[in-house]
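Here is a short briefing for a first look at this protein. Keep the sequence and the 3D view open as you read.

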Amino acid sequence: MTTDWNEEWKALQKARRNPDDPRFWDQRAKHFRPRETHPYARAFIELAALEPGERVLDMGCGGGTLAIPLARSGHPVVACDFSSAMLDALAEGCSYYQVEHLVEPHLLAWDEDWGRAGIAPRSVDVAFASRSIATADLEAALVKLDRTARRRCCITLVTGASPRVDTTVMAAIGASVTESRDYIYAFNILVGLGRYPEVRYIASPRRDTFDSLEDGIADFARMLEGGNEGRIDELAAYLSAHMVENPHAGKPGEKGRPQGRYTLDHKRIVRWAFIAWETEGNRS
């Protein structure tokens, strides 16, 4: 109980690769076109247990993975993201489903002044941060969510290695992988703030696909960092031995991109910790 978990988090961020910035997500936004509710989003919304008509803050909303199905269910949504291209994708999705009147977009980053951006204390019933906490100061981020919501907050954080890494492949080629277990930091910080966080888990399948061995090597090479960059030959040999025809080739895949001709012969599961707590004003 003497550990300063926010300082531990800050130290972890310094040891990680450079954090993503809006330009990174602007490039990815073209693949975010929510046309159906993803199984992960369905699981998150079910665990969030919203009451009818509740107003929601979706911080780090991306292209609307949660905001659009929430609006379609009648929930007013304050949707915030630091990527203008993501907000453009959100606007396109809202227009497609005719829910523009229920979604209030804001160009906003975690470390900016939320009050100046119009996000007032206790202005929503429930505050979300779904797979979107990207900040050097985790405690400040959690406090902002807590301050904004009248009733409840819900977040998801990864339970092991980065969701961008296939740990099965990395283990097979002898590459080291850092398992940061981000959710432990959030849980302990919330306990230190006097909250009573509850934890559930969402198992989210990932399907990495590619059109050729060369494309697969180029894609998976992004996972080789932290001293593993020299294992390209081992990576190529593994992919060559484990690539199989993808029966869903051409169909919409991750973030709306068409799936490639090949995939791997093992299932990849990313497990997210769903952490929820009642805010200060709602606790008895």
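Of the 284 residues in the protein, 44% are buried. This is a predicted model. Its secondary structure comes to 10 helices and 9 strands. Take the contacts between residues at least 6 apart in sequence: 74% of them join residues at least 24 apart.

**The sheet**

- Seven strands form an open sheet, described here from one side to the other. The order of these 7 strands is β3-β2-β1-β4-β5-β9-β6.
- The pairing in this sheet is mixed.
- Strands β3 and β6 are the edge strands, and each pairs on one side only. Strand β6 covers residues 198–206.
- From one strand to the next, the twist averages 20°.

- Strand β1 spans residues 56–59.
- On one side, β1 runs parallel to strand β2, residues 77–81. The two are joined by 4 bridges. M59 has C80 of β2 as its bridge partner.
- Strand β1 also runs parallel to strand β4, residues 124–130. Here 3 bridges make the link.
- Two pairs can be picked out between β1 and β4. V56 stands opposite V126 of β4, and L57 stands opposite A127 of β4.
- Helix α4, residues 67–72, belongs with β1 and β2 in a β-α-β unit. The unit is right-handed.

- The crossing is right-handed.
- Which residues make the contact between α6 and α8? From α6 come L138, E139 and L142. From α8 come Y185, A186, I189 and L190.
- By type, the residues of this contact comprise 6 nonpolar, no polar and 1 charged.

- H106 sits in strand β3, residues 103–107. Is H106 buried or exposed? Its relative accessible area is 14%, under the 20% limit, so H106 counts as buried.
- Beyond its neighbours within four places in sequence, H106 is in contact with V78, A79, C80, D81, L87, A117 and I119. One of these, C80, is the bridge partner of M59.
- A48 is in helix α3, residues 39–48. This alanine has a relative accessible area of 0%, so A48 is buried.
- What does A48 touch, not counting residues up to four places away in sequence? The answer is F128, R152, C154 and F274.
- A48 and F274 are 226 residues apart along the chain. Their C-alpha atoms are separated by 8.9 Å.

**Two residues with positive phi**

- Most residues other than glycine have a negative phi. Two exceptions follow, each located in a loop.
- Q98 has a phi near 60°, a positive value in a residue other than glycine. The residue lies in the loop between α5 (84–97) and β3.
- Q98 has 62% relative accessibility, which is over 50%, so Q98 counts as exposed.
- R131 is not a glycine either, yet its phi is positive, at about 55°. The loop that holds R131 is between β4 and α6.

Technical notes
Residues are numbered from 1 along each chain as its sequence is written. This is a predicted model: local features need pLDDT of at least 70, side-chain atom pairs count only at pLDDT 80 or more; totals for chains, interfaces and linings use all residues. Side-chain values use heavy atoms; hydrogens and water are left out. A crossing is left-handed if the near helix is turned anticlockwise from the far one by less than a right angle, and right-handed if clockwise. Contact means heavy atoms within 4.5 Å. Ala, Val, Leu, Ile, Met, Phe, Trp, Tyr, Cys and Pro count as nonpolar, Asp, Glu, Lys and Arg as charged, and the others, Gly among them, as polar. Buried means under 20% relative accessible area, exposed over 50%, partly exposed in between (1.4 Å probe, protein chains only). Two strands pair if DSSP finds at least two bridges between them. A crossover is right-handed if, with the strands pointing away from the viewer, the path from the first strand over the helix to the second runs clockwise. Axes are lines fitted to C-alpha atoms, for helices over the stretch in contact, and angles run from 0 to 180 degrees between N-to-C directions.
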